Amino acid sequence: MTDPRHVVAKRAETLSPAVPYVRGWAEAKRGAEALDEQLHSAGLGTDFLGLRADVTVFGDGLVCLGPIQPEAGETLARLLVMGLAMEMADHADQCQSAPPDAPAA
């Protein structure tokens, strides 16, 4: 069974020549490496030892976190919330400091 984005699709055990598996996996690999770098920066590198790239039967790349401890999940959730809050605050500051649009003539 899959969802509309094919995220929970079966793995690509039976390859099809028409599907770009390598491209999907390469995208997932770049995403997994970027996430791994940020997790290490946050001191969580050893909590996500199962982090890896994968690809679905449709050629869509997936970043798999692997099994993690509940505390690591909670810490990651807090970091995401803090990052989003900082981004929203920066956006609000930019909107307030921007000059108002000139009235239409």
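These are my notebook entries on a predicted model of one protein chain.

**Entry 1: ground rules**

I number residues from 1 along each chain as its sequence is written. Local features need pLDDT of at least 70, side-chain atom pairs count only at pLDDT 80 or more, totals for chains, interfaces and linings use all residues, and side-chain values use heavy atoms, with hydrogens and water left out.

**Entry 2: the whole chain**

I looked up the secondary structure to begin with. The protein chain has 2 helices and 2 strands. Helices (H or I, at least four residues) and strands (E, at least two) are DSSP runs, numbered from the N terminus. Read from the N terminus, the order is α-β-β-α.

Then I looked up burial. Of the 105 residues, 19% count as buried. Buried means under 20% relative accessible area, exposed means over 50%, and partly exposed lies in between (1.4 Å probe, protein chains only).

The accessible surface of the chain comes to about 8,100 Å². Carbon and sulfur atoms hold 61% of that surface. Accessible areas come from the Shrake-Rupley method with a 1.4 Å probe; for residues, only the protein chains shown count as cover.

I also checked contacts along the sequence. A contact means heavy atoms within 4.5 Å. Among contacts between residues at least 6 apart in sequence, 59% join residues at least 24 apart.

**Entry 3: the hairpin**

How do strands β1 and β2 run, and how many bridges join them? They run antiparallel, and 4 bridges join them. Two strands pair if DSSP finds at least two bridges between them. Strand β1 covers residues 52-55, and strand β2 covers residues 61-64.

The two strands form a hairpin with 5 residues between them. Gly 59 sits in the turn and has a positive phi of about 85°.

I noted two bridge partners. Asp 54 is partnered with Leu 62 in β2. Arg 52 is partnered with Cys 64 in β2.

Strand β2 has two faces. Leu 62 and Cys 64 make the covered face. Gly 61 and Val 63 make the uncovered face.

**Entry 4: salt bridges**

I searched for salt bridges next. The rule asks for a side-chain nitrogen of Lys or Arg within 4 Å of a carboxyl oxygen of Asp or Glu. By this rule the count is 2. Side chains of opposite charge can pair when their charged atoms come close.

One joins the side chains of Asp 54 and Arg 52 at 3.0 Å, N to O. Asp 54 lies in strand β1. The pair also shows up as a side-chain polar contact of 3.0 Å. A polar contact is a pair of N or O atoms within 3.5 Å; within protein, one must be able to donate a hydrogen and the other to accept it, and residues adjacent in sequence count only if both atoms are side-chain atoms.

Is Asp 54 buried or exposed? Asp 54 counts as buried, because its relative accessibility is 8%. Arg 52 counts as partly exposed, at 39%.

Another joins the side chains of Glu 33 and Lys 29 at 3.5 Å, N to O. Both residues are in helix α1 (residues 21-41). They are 4 residues apart, so about one helical turn separates them. Glu 33 is partly exposed, with a relative accessible area of 45%. Lys 29 is partly exposed too, with 34%.

**Entry 5: Val 63**

I went back to Val 63 in strand β2. Val 63 is partly exposed, with a relative accessible area of 37%.

Which residues does Val 63 contact, leaving aside its neighbours within four places in sequence? I found Ala 28, Gly 31, Ala 32, Leu 35, Leu 51 and Arg 52. The C-alpha atoms of Val 63 and Ala 32 are separated by 5.7 Å, although the residues are 31 apart along the chain.

Val 63 also belongs to a nonpolar surface patch, with Leu 65 and Ile 68. The patch is about 190 Å². Patches are made of residues with over 30% relative accessible area and no salt bridge: like charges are joined within 9 Å, nonpolar side chains (Val, Leu, Ile, Met, Phe, Trp, Tyr) within 5 Å.

**Entry 6: Pro 20**

Last, I looked up Pro 20. Pro 20 is found in the segment before α1. Pro 20 is partly exposed, with a relative accessible area of 36%. Pro 20 and Phe 58 are 38 residues apart along the chain, and their C-alpha atoms are separated by 8.2 Å.
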